Amino acid sequence: MTAMTTQILGLPRGRALTRSDLARLPDDGHRYELIDGTLVVSPAPELAHQRAVTRLSALLGRRVPEHLEVLVAPFDVVLTEDTVLQPDVLVAPIDQFTDHSLPGAPLLAVEVLSPSTRGIDLLLKKDRLARVGCPHYWIVDPDKPSITAWSLVGEGYVAVAQAVGDDEFTVAAPFPVRLTPSGLTA
C-alpha cells in the first residue's frame with residue numbers, strides 16, 4: 001500500500017472520507033478504495049497479479065449464467081457511504097449494476113494477493129464483505145499459486161474449497177467452477 005496523505009491529494013482532513021471524496025481523486029494508475037472512511041491506495045499490480053485476474057475473469061465469464069456479469073477492477077463496489085472497494089474480480093446480477101458502481105454486495109468477490117494488499121485483502125476486505133452479506137469470497141495467491149474459496153455462513157466466512165499448484169479447485173456455488181491454480185499464473 002502506498003502512503004499518500006490526504007493533503008497531497010487535496011482531500012479534507014480531520015474527518016472520515018466518503019464516496020464523494022473518492023470521486024474527486026485523480027485517474028493516475030493507483031487504485032483508490034475506502035474502508036471505514038480511510039483511504040487505501042494501491043500501486044498498479046504486477047504481471048503475475050494481472051495474469052491471474054485476466055485468466056480467472058475469462059474462465060468465470062465462460063461459466064456464469066446469463067443473468068450474471070463478471071467485471072474486473074477498477075470498478076467500485078459501494079458497501080456503505082464510507083466503504084467503497086474494488087475487488088480484482090467481481091460477479092453480480094446484471095440488473096444490480098449502475099453505470100458507475102455496484103451498490104451493495106456482489107455475489108462473488110475475488111482478490112488476487114499482492115505484497116502491498118495482502119493484509120487488507122485477507123482481513124479488512126473479507127470482513128467488510130461478510131458484514132454486508134457477500135455470499136462468496138475467494139483469494140488467489142499467485143506466488144504459491146493457490147486459491148481459497150469461502151462461503152458466508154451466518155455472519156462469517158467458512159472455507160469451502162482450496163487448491164495449490166496443479167491440484168484441482170472445484171466449487172458448485174455460486175456456479176460450477178473447476179480450475180487449477182497453476183493455470184491462472186503459468
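A residue is counted as buried when its relative accessible area is under 20%. Ser-151 has a relative accessible area of 15% and is therefore buried. The structure discussed here is a predicted model, and its protein chain comprises five helices and 13 strands. Buried residues account for 47% of the 186 residues in the chain.

**Overall form**

- For 186 residues, a compact globule would have a radius of gyration near 16 Å, and the value for the protein chain, 16 Å, agrees with this.
- The C-alpha trace of the chain spans about 50 × 30 × 30 Å along its principal axes.
- Of the contacts between residues at least 6 apart in sequence, 48% join residues at least 24 apart.

**Surface and charge**

- The protein chain has an accessible surface of about 9100 Å², and carbon and sulfur atoms contribute 52% of that area.

**Nonpolar cores**

- In soluble globular proteins, nonpolar side chains tend to be buried together.
- The largest nonpolar core in this model contains 25 residues, and Leu-60, Trp-138 and Phe-169 have the most contacts inside it.
- Helix H3, which covers residues 47-63, gives the most to this core, with five residues.
- Another core, of 20 residues, lies apart from the largest one and includes Phe-75, Ala-92, Phe-97 and Tyr-137.
- When neighbours within four places in sequence are left aside, the contacts of Phe-169 include Trp-138, Ile-147, Ala-161, Val-177 and Leu-179.
- Phe-169 is also in contact with Thr-148, Gln-162 and Arg-178, among others.

- Ser-151 belongs to strand E10, which runs over residues 146-153.
- Beyond its neighbours within four places in sequence, Ser-151 is in contact with Pro-135, His-136, Gly-156, Tyr-157, Val-158 and Val-160.
- Ser-57 is located in helix H3.
- With a relative accessibility of 16%, Ser-57 also counts as buried, because the limit for that class is under 20%.

**Backbone geometry in loops**

- Most residues other than glycine have a negative phi, and most peptide bonds are trans.
- The peptide bond from Ala-73 to Pro-74 is cis, with omega near 5°.
- Pro-74 is placed in the loop between strand E3 (68-72) and strand E4 (76-80).
- A cis peptide bond also joins Ala-173 and Pro-174, with omega about 10°.
- Pro-174 is placed in the loop between strand E12 (169-171) and strand E13 (177-179).
- Asp-36 is not a glycine, yet it has a positive phi of about 55°.
- The loop that holds Asp-36 lies between strand E1 (31-35) and strand E2 (38-42).
- Asp-36 counts as partly exposed, with 34% relative accessibility, because that class lies between the limits of 20% and 50%.

Conventions
Residues are numbered from 1 along each chain as its sequence is written. This is a predicted model: local features need pLDDT of at least 70, side-chain atom pairs count only at pLDDT 80 or more; totals for chains, interfaces and linings use all residues. Side-chain values use heavy atoms; hydrogens and water are left out. A nonpolar core is a set of buried Ala, Val, Leu, Ile, Met, Phe, Trp, Tyr and Cys residues joined through side-chain atoms within 4.5 Å. Buried means under 20% relative accessible area, exposed over 50%, partly exposed in between (1.4 Å probe, protein chains only). Helices (H or I, at least four residues) and strands (E, at least two) are DSSP runs, numbered from the N terminus. Contact means heavy atoms within 4.5 Å. The radius of gyration is taken over C-alpha atoms; the globule rule is 2.2 Å times the number of residues to the power 0.38. Accessible areas come from the Shrake-Rupley method with a 1.4 Å probe; for residues, only the protein chains shown count as cover.
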